[in-house]
There are 2 protein chains.
Amino acid sequence: MSASHANASAPALLTDLYQLTMLDAYYTLGMEKPAVFEFFVRRLPAGRNFLVAAGLEQVLDYLENLHFTADEIEWLASTQRYSASFLERLSKFRFTGQVYALREGTVFFASEPVLRVVAPLPEAQLVESRIVNLLHYQTLVASKAARCRLAAPRAELIDFGMRRAHGAEAAALCSRASYIAGFDSTATVEASRRFGIPVAGTMAHSFVQAHEMELEAFRNFAKCRPDNVVLLIDTYDIARGARRAVEVATELRSSGVTVKGVRIDSGDLAVEARRVRGILDSLGAKDIRILVSGSVDEYSIAAMEADQVPVDAYCLGTRLAVSQDAPSLDCAYKLQQYAGRPCRKRSQRKETWPGPRQVYRQYDPQGLICRDVLCCEDETFEGRALLWHVMDGGRRMAHPPPLTEVRDFCAEELATLPIALSTLEHVRYSPAKVSDRQHALVAELDSIAR
Amino acid sequence: MSASHANASAPALLTDLYQLTMLDAYYTLGMEKPAVFEFFVRRLPAGRNFLVAAGLEQVLDYLENLHFTADEIEWLASTQRYSASFLERLSKFRFTGQVYALREGTVFFASEPVLRVVAPLPEAQLVESRIVNLLHYQTLVASKAARCRLAAPRAELIDFGMRRAHGAEAAALCSRASYIAGFDSTATVEASRRFGIPVAGTMAHSFVQAHEMELEAFRNFAKCRPDNVVLLIDTYDIARGARRAVEVATELRSSGVTVKGVRIDSGDLAVEARRVRGILDSLGAKDIRILVSGSVDEYSIAAMEADQVPVDAYCLGTRLAVSQDAPSLDCAYKLQQYAGRPCRKRSQRKETWPGPRQVYRQYDPQGLICRDVLCCEDETFEGRALLWHVMDGGRRMAHPPPLTEVRDFCAEELATLPIALSTLEHVRYSPAKVSDRQHALVAELDSIAR
């Protein structure tokens, strides 16, 4: 939870070499006037009709705490790439700028600014690599998780992603981003500690296998963890495992211990869940819940929900944590303006909209999103302005909101999606429209020789 | 580089809740006999004919340093899930076991043990989540990077993956894993500091845009960084950018500054590289190299190499760092034996080979891999045994080898791949064969009621 912790996982040198190279040049050239950069997603991946903004709090932590330690400066000196005067400046480096951003949990579309940094050019430049690194991953996971939530509005969703997330930080941030987007809990203990997310878990196959007999393993597990008995029933034979779960439940009822659920982790989950439900019900154990895991994603959830498969909780691991069907976003952090002069990149298929921007979101009478107007920052349109001023002079303008509040806000956001955008089918439609003044500014800038 | 650094990024609580639950139960039940777990990949992803083992050193760092801090114990106590006696044991927890593993850089195939842990059951169990987390990601990236290296045996390959890697740890480990597999350098400064990997970098579009004129930006960049002038030429118009690069090169020649290269980051890279090479050559700048970036992966590299496109260096970002076409591996860490009794999981499509295992690799007369025999640990076959004893009593048995040595070893390993396996086309063939005794053990175990 603490900022120092967040910082510990990412030293200032977690950046691209060219940031230091350019910083050095900017200082030498005296190019320190205000720059405006914006982070946005150029195009949505196939299989995404919208994205959910996440990662802002980690960006603000980073910006508030960013500094080069004595060890880092010493290491840079040892590379003999930099002058003493540059290292001297680096050792005093702090981020002193402004940040404007979408609230975490906001639904957004291609080309829309998610975050705007306004700061002296060297500062706004240096922070690019880590800002992209932080916003990219959590937005990726929150967007995937939101699709799971939309596919199963009432089922319990649990994050099991830690082991196959790409490294330690991704593991913890996967829990955070999926919780924002509507997951109920995570198996990752550290995420619970850092972010206060409810933690959940069952047992592993190894627990069953370490016992000679499955039934003994079930009894021992229930005896040792009477408050949360969820039994993994697929180590040897699912149907037999289900019957044994009922046997243990019956044995333990008199001692006040309840078998809450069984987990199925292999086979055709829909087929097995139905079969297990049948066995449990026929043995009078209608209150034992069914959890499924193993290659679960929004597509399999949607199929099971459509077929009314009796699943009470979906446990999502790998496919959530790596966003399997879309493991990256085509996102960028680009210079929009320097020293009051709007900038525009013209690279093929990577052209940018110029200047500082804002988005106004308009709703239909049912409260669903009907249009986003992407405009110049100083234009005004009907609707709600999406970018908020969140950092001033390098300091947060408010305490981070509780994560439960962010999660509630995200649920409200998802409820504003038109049906066409909220389904799993990919539609080639975006409600985002660019203002006339943005178009005019593009024409004006493109007429200038560079 | 330091173990403490590696540990800082992953607290002991970066684990799944069920590990703590099971640990508690094992202690209560007195189940602390030796357990054997193995990490392996069940099936290779479509698009992978082999994998490259990586991540072992981080696993050994983790195991040597694993402990629960006072803060962690205090937090666990605050959850009221655990007894005082369990927390007391946790506070003294250390890993004291044995580890056997493939050397980093080893080529391997489905079902083969990559790492074997032998330790008292609670110890061998607890470390599962983080071991999988560490081996999975680096193996994923090393395997992707090896394909890039095989596709371009002589070109320079640079890791640009930091910004879209999934979080901070993935960013640094992407550099490490790709370097092992044959990349030349990374843009990620922290990876250079931690692992001693050569660092490389150019300039960003923002540097060009912050100047009113592109030519002025090129001049200023060259002036400020005369030792490493690589100019990004696609901000506005690639052909014009190329001509300006030559103009700057000509201007600066008298002052002893060399323009080393130009980078192209958009458009059809093959078309643009040819066009730029033509412009550079026609203006007498045959020594200016061409770097390309932007959605580069092994497939586009192979296509450009086959067409003899004049590219000198490929810069790989997103597609490398997230392993875009295969962002996860179907890997597992499974109980192979407890208290001397071999174990086998029978879950559908997740069946395991039982007991502690070894792999013997056999070569044909040309030195190419012709067969891997997957066998019981105590069997002996012709060929080279792949699993080495690397940790004893919770301590490394040797200092980590220099990364350059690991990289050289990996190059030797890649040279032993039969042609069918080293191409980018996916073949449904594995040289791995299971020994008769393994098969007999499976039959024996499956005959026992569990």
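Predicted model: local features only at pLDDT ≥ 70, side-chain atom pairs only at ≥ 80, totals over all residues.
Local features were kept only at pLDDT of at least 70 and side-chain atom pairs only at pLDDT 80 or more, while totals for chains, interfaces and linings use all residues. Residues are numbered from 1 along each chain as its sequence is written, with chains lettered from A and ligands numbered from 1 in the order in which they are written.

Helices and strands here are DSSP runs numbered from the N terminus (H or I, at least four residues, for helices; E, at least two, for strands). In chain A, helix α4 (residues 70-78) and helix α5 (residues 84-91) have axes that come within 10 Å and cross at roughly 160°. Axes are lines fitted to C-alpha atoms, for helices over the stretch in contact, and angles run from 0 to 180 degrees between N-to-C directions. On the α4(A) side the contact uses A:Ile73, A:Leu76 and A:Ala77, and α5(A) brings A:Leu87, A:Leu90 and A:Ser91; residues are in contact if their C-beta atoms, placed from the backbone, lie within 7 Å.

Turning to the strands, two of them pair if DSSP finds at least two bridges between them. An open sheet of seven strands in chain A runs in the order β13-β12-β1-β5-β3-β17-β18, with antiparallel pairing. Its edges are β13 (341-342) and β18 (395-396), each pairing on one side only. Inside that order, β3 (residues 98-101) and β17 (residues 388-392) of chain A are joined antiparallel over three bridges, and A:Ala101 has A:Trp388 in β17(A) as its bridge partner.

Elsewhere in chain A, strand β9 (residues 259-264) and β10(A) pair in the parallel sense over four bridges. A:Arg263 sits opposite A:Leu291 in β10(A). Strand β10 (residues 289-293) of chain A is mostly covered, with four of its five residues buried. Buried means 20 or more other C-beta atoms within 10 Å of a residue's own, exposed 12 or fewer, and partly exposed in between, with C-beta atoms placed from the backbone.

Over in chain B, B:Glu413 belongs to helix α16 (residues 403-414). B:Glu413 counts as buried because it has 21 C-beta neighbours inside 10 Å. Beyond its neighbours within four places in sequence, B:Glu413 is in contact with B:Gly105, B:Thr106 and B:Val107. B:Thr106 lies 307 residues from B:Glu413 in sequence, yet their C-alpha atoms are 6.1 Å apart.

Definitions and conventions
Contact = placed C-beta atoms within 7 Å.
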